[in-house]
Amino acid sequence: MATIRLTRQEARRIAVRGQLLDARRPTDLIAMVEHLTFLPVDPTNAIAPAVDLLSWSRMGRAYWPGAVDDAVSDRMLYQLVGTVRSMADLPLYLAEMAAWPPPEQPHGQRWLAANDAFRRDVLARIAAEGPLLSREIPDTAAVPWESSGWTGNRSVNLMLELLSVRGLVAISGRAKRERLWDLAERVYPPMEAVPLEEARAERARRRMQALGISRPKIPANAAGEGWYAFPAGAPAEVEGVDGAWVVDPDAVAALDEYEPRTALISPFDRLVHDPARRADLFDFDYVLEMYKPAAKRRWGYFALPIVHGERFVGKVDATADRRSGVLRVTAIHEDLPFSAEVGDAVDAELADLARWLHLDLDR
């Protein structure tokens, strides 16, 4: 296959459009999730939970806060290991679930083997009483998960996550912000698994469509995929950027249809989340600073990257102060000096974000 040669502007436009951040906004939540393949889940609510803010960035006021959670409860979407996906895509993961855990995750295999009685206890409790919150399930682990960090003393939560990857339990909804767990057979509709290799090929094709352009090998983002994933695209070169790329040929063919807009996006957005790709394609200096001491932050606790056309042009330091009823904008950092057009577009997005949150805008 001949190598496709792209300018950096073309590569950026393909990446932005692949993530549905151009002017042709999606209007259907489920179709949007199917195109993106997943939404990342994070409960940080400085402005809105990740699934809501990512959806608003694409759909605008056509999306209402909490619609993703509603769709999970209605079995239109499902949640799996830090992602929300379309229920229609579940057959692409069932064979992977049945084969889990993969050989490259021996620690999980050993821990499950040592806690077989604990596993059976959890499944029996959920079968008899589910759906349940994790805190309603007793911890009978014979061997606690070995960790000195984030996962210490969380054996029940980890068992539930591992059982969900195995396809035995699933998230059926939420009680306030806490996940409700039930048997997968009571959450997932009857579906026939797509054969493993066919499923992997289709997922690689869909991943390429969502990214638009990618390195040939990237960190995996789906349960059961091992440590790395390989998008299925045509070989490409990007002017001024070293190394090999792969690109969605359909996106190349549609370059003339690109229509720019301005967007405020989440720090967890896929367009910005991969630091190597962000630097190579967009030359954008950014890091989520909520884990840094306040004195060491350059842009703010939860600064939103600003996309204008195919460029990142700055960040907005903003917080939803629900007690005061305002979206408080502390600073707008201009990576590139804003023209009047860019300044007006950013102001309009902030006003729209405030209206969507039912807050007044405090500049």
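Guide: Let's start with Arg328 and Asp321, whose side chains meet in a salt bridge, 2.6 Å from N to O. A salt bridge here is a side-chain nitrogen of Lys or Arg within 4 Å of a carboxyl oxygen of Asp or Glu. Keep in mind that this is a predicted model, so local features need pLDDT of at least 70 and side-chain atom pairs count only at pLDDT 80 or more, while totals for chains, interfaces and linings use all residues. Residues are numbered from 1 along each chain as its sequence is written, and side-chain values use heavy atoms, leaving out hydrogens and water.

Arg328 is partly exposed, with a relative accessible area of 32%. That label covers what falls between buried (under 20% relative accessible area) and exposed (over 50%), using a 1.4 Å probe and protein chains only.

Now the surroundings. Strand S15 covers residues 311-321 and strand S16 residues 326-334; the two run antiparallel and are joined by 8 bridges. To see one of those links, find Asp317, whose bridge partner in S16 is Ala331. Strands (E, at least two residues) and helices (H or I, at least four) are DSSP runs numbered from the N terminus, and two strands pair if DSSP finds at least two bridges between them.

S15 and S16 belong to an open sheet of 5 strands, in the order S13-S14-S15-S16-S17, with mixed pairing. At the edges sit S13 (262-264) and S17 (360-362), each pairing on one side only. From one strand to the next, the twist averages 30°, an angle between N-to-C directions on a scale from 0 to 180 degrees, with axes fitted as lines to C-alpha atoms (for helices, over the stretch in contact).

Back to the charges: the structure holds 28 salt bridges. One of them joins Arg17 and Glu257, with the closest N and O atoms 3.5 Å apart. Arg17 lies in helix H1 and Glu257 in the loop between helix H11 (249-253) and S13, so this pair ties together parts that are 240 residues apart in sequence. Glu257 is partly exposed, at 41% relative accessible area.

Asp280 and Arg215 make another side-chain salt bridge, 2.9 Å from N to O. Here helix H13 (residues 275-282) holds Asp280, while Arg215 is in the loop between strand S8 (213-214) and strand S9 (218-219), so parts 65 residues apart in sequence are tied together. Asp280 is partly exposed too, with a relative accessible area of 25%. There is also a network: Arg17, Asp22, Arg24 and Glu257 are joined by salt bridges that share partners.

While you're in that region, look at Leu20, in the loop between helix H1 (8-18) and helix H2 (29-36). Leu20 has a positive phi of about 60°, although it is not a glycine. With 15% relative accessibility, Leu20 counts as buried. Lys176, in the loop between S6 and S7, also has a positive phi, near 60°, but at 83% relative accessibility Lys176 counts as exposed.

Finally, step back. The chain contains 14 helices and 17 strands, and buried residues make up 52% of its 363 residues. Along its principal axes, the C-alpha trace spans about 65 × 60 × 35 Å.
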